Amino acid sequence: MSGALLDLLVAVAGALILVELDARIDAITTWITCRALSLLRLDLREDLQREWTSITSEQPTSFSKLVVSLGFLVTGVRIGIIDGAYDRLAQFVGERRYGDDVRAALKTVYDPEIPADIYELGFIPSVKYSGRSVTITFRPHCSSDCPLNKDMANRIRNTVATIAYLERVDVKLTFDPPWTPECMSKEAQLAVGWY
C-alpha cells in the first residue's frame, strides 16, 4: 500500500511541476531564443527569428516550444562560434589555395596612365576569399568621377575570372582611404621614377 501511495505522490508532484513549468515555459523559451539570437550576426538574426516564430507557432504544447527553443539556442551557439571562425578559415584557405594565382592575374592588369601593374601600384588594398569566391577591393588613384574606374574594375574582374576554379569574382570600388604614392611598392616607385 505504501508503494502505491508513493507512486501517487510522485505522479501528483510531477503533475504540479509540469503545471508550474508550463506556466513559465513561454518566458523561458523567449529568454532562450533571445540568447540564441544575440550570438548571431545581425543579418542572420532576422532569418532565424522568422524561422523560430514559424516553427513555434506550429507546436501543440509549451514543452515542444521549449524543445524547439533549446534547438535554436544550440544552433545559435554553433553558428555564432563557427561564423567568425569560418570567415578566418575561409580567408586563410583562400589565400593558400588561390592567392598566388590571384596576385599573378592582378599583376597582368596595367594602369593606362602609369606604366606599372595595379597590384604593385597599391590599387588593391585587400583580397577576401570565401569558398570559391573572391572579393577584390580596388582603390584607384583618380577621382570617383573618372570614367576609367568602371573599365578598370571590369578588367580586374574579367582577368581574375579566368582562374578556372574560382566560381565568383566581385570587385568593390573604394576611395576611402584615398590612394597616395606611399601605397605603391618600392618596385613600382622605381618603375615610375617616384623613388
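Guide: A polar contact is a pair of N or O atoms within 3.5 Å; within protein, one must be able to donate a hydrogen and the other to accept it. Keep that in mind as we walk through this structure, which is a predicted model.

Visitor: Thanks! In what order do the elements of the protein run from the N terminus on?

Guide: Happy to start there. The protein has five helices and three strands. Read from the N terminus, their order is α-α-α-β-β-α-β-α.

Visitor: Which residues in the largest nonpolar core touch the most other members?

Guide: This core has 28 residues. The elements that give two or more residues to it are H3, E1, strand E2 (133-138), helix H4 (148-160), strand E3 (168-173) and helix H5 (186-192). Isoleucine 136 touches, among others, Leu106, Ile156 and Val160, leaving aside residues up to four places away in sequence. The members that touch the most others are Val102, Leu106, Ile136, Ile156 and Val160.

Visitor: With which side chain does glutamate 120 make a polar contact of 2.4 Å?

Guide: Leaving out residues up to four places away in sequence, glutamate 120 touches Lys107, Met184, Ser185, Glu187 and Ala188. A polar contact at 3.0 Å links the side chain of glutamate 120 with that of lysine 107. The polar contact at 2.4 Å is with the side chain of serine 185.

Visitor: Which side chain does a polar contact of 3.2 Å join with that of serine 185?

Guide: Serine 185 belongs to the loop between E3 and H5. With a relative accessible area of 18%, serine 185 is buried. The polar contact of 3.2 Å joins its side chain with that of glutamate 187.

Visitor: Which residue does a cis peptide bond join to aspartate 176?

Guide: We stay in the loop between E3 and H5, where proline 177 is found. The cis peptide bond has an omega of about 0°. Its partner for aspartate 176 is proline 177.

Visitor: How far away from cysteine 142 is the nearest cysteine sulfur?

Guide: A disulfide needs a pair of cysteine sulfur atoms within 2.5 Å. By this rule the protein has zero disulfides. Cysteine 142 is in no disulfide, and the nearest cysteine sulfur belongs to cysteine 146, at 3.2 Å.

Visitor: Now the rings. Why is the pair of tyrosine 98 and tyrosine 129 tilted, at what angle between the planes?

Guide: The model holds four aromatic pairs. Planes under 30 degrees apart count as stacked, over 60 as edge-to-face and the rest as tilted. The rings of tyrosine 98 and tyrosine 129 have centres 6.2 Å apart, and the pair is tilted because the planes meet at 35°.

Visitor: How many residues apart in sequence are the parts that tyrosine 98 and tyrosine 129 tie together?

Guide: Tyrosine 98 counts as buried at 2% relative accessibility, and tyrosine 129 counts as buried at 5%. Tyrosine 98 lies in helix H3 and tyrosine 129 in strand E1, so the pair ties together parts whose separation in residues is 31.

Visitor: Is the pair of tyrosine 98 and tyrosine 165 tilted or stacked?

Guide: Tyrosine 165, in the loop between H4 and E3, is 67 residues from tyrosine 98. Tyrosine 165 counts as partly exposed at 30% relative accessibility. Tyr98, Tyr129 and Tyr165 form one aromatic cluster. The ring centres of tyrosine 98 and tyrosine 165 are 5.2 Å apart with planes at 20°, so the pair is stacked.

Note on methods:
Residues numbered from 1 in each chain as written. Predicted model: local features only at pLDDT ≥ 70, side-chain atom pairs only at ≥ 80, totals over all residues. Heavy atoms only, no water. Helix = DSSP H or I, 4+ residues; strand = E, 2+ residues; numbered from the N terminus. Contact = heavy atoms within 4.5 Å. Core = buried A, V, L, I, M, F, W, Y, C linked by side-chain atoms within 4.5 Å. Buried < 20%, exposed > 50% of the residue type's maximum accessible area, 1.4 Å probe, protein only. Phe/Tyr/Trp six-rings, centres within 6.5 Å; stacked < 30°, edge-to-face > 60°.
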